Amino acid sequence: MLASTSSNPSTGVYSKVIDQLLAFTADTDPTKSSAAEMFPLGSVVGHPGNQDGVTTWDTIKLPASVPDGTRIMFEYQRGQWTSRNTYGRIDNGDGTADYKVQEIFATNVQDNAALPAHGMNLDTTSYVHPTLHGILRFVGRLPQSEKLKFYP
């Protein structure tokens, strides 16, 4: 990653290189990004409406600590996982919140199912598009000495 020394980064003037590899990769494999199991968010609290596996739904009850905009995963049947992108959170005041989801299709939602967050998008061939938790992890692991290179 390049650090700009210009007040306008779009001008293409760079003078420093940021070492991002260790902040980006998984602890166990430096050729891969971090996996969803590295972002445990707790458990699914509740499920929306009809759980017949046919009726579509757009709301899920999760711990209120889940940041809005998180791409979540949960087990909807034993050994079967699905993902949703959250938005439009409504806090319930009891440590839970109802989240709208972008993907509206039918799956069952198991109460108390494990709830990890994706770190990367579903493009498993390139790993070039981090999601919210991938970015938060990357920034949190980037050494301050590297972050300081952004500010000449």
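The protein chain averages a pLDDT of 78, with 76% of the residues scoring at least 70. Where pLDDT is low, the predicted coordinates should not be read in detail. Because this is a predicted model, local features need pLDDT of at least 70 and side-chain atom pairs count only at pLDDT 80 or more, while totals for chains, interfaces and linings use all residues. Residues are numbered from 1 along each chain as its sequence is written, and side-chain values use heavy atoms, with hydrogens and water left out.

Now to the inside. A nonpolar core is a set of buried Ala, Val, Leu, Ile, Met, Phe, Trp, Tyr and Cys residues joined through side-chain atoms within 4.5 Å; buried means under 20% relative accessible area, exposed over 50%, and partly exposed in between (1.4 Å probe, protein chains only). The largest such core holds 18 residues, and V44, I60, L62, V66, I72, F74 and L115 touch the most other members. Take I72: leaving aside neighbours within four places in sequence, its contacts (heavy atoms within 4.5 Å) include L41, T82, R84, P116 and H118.

Charged pairs come next. With a salt bridge taken as a side-chain nitrogen of Lys or Arg within 4 Å of a carboxyl oxygen of Asp or Glu, the count comes to five. One of them joins K100 and D58, whose closest N and O atoms are 3.1 Å apart. That pair links distant parts of the chain, with K100 in strand β7 and D58 in the loop between β3 and β4, 42 residues apart. Both partners are partly exposed, K100 at 31% and D58 at 29%. K61 pairs with D98 at 3.0 Å between the closest N and O atoms; K61 lies in strand β4 and D98 in strand β7, so this bridge ties together parts 37 residues apart in sequence. R71, by contrast, is buried at 11%, and its salt bridge with E103 has closest N and O atoms 3.4 Å apart.

Finally, there is Q51, found in the loop between β3 (40-43) and β4 (59-63). Q51 is partly exposed, at 24%. Beyond residues up to four places away in sequence, Q51 touches T107, N108 and V109. Q51 and A106 are 55 residues apart in sequence, yet 8.3 Å apart in space, C-alpha to C-alpha.

Technical notes: Helix = DSSP H or I, 4+ residues; strand = E, 2+ residues; numbered from the N terminus. pLDDT = per-residue confidence, 0-100.
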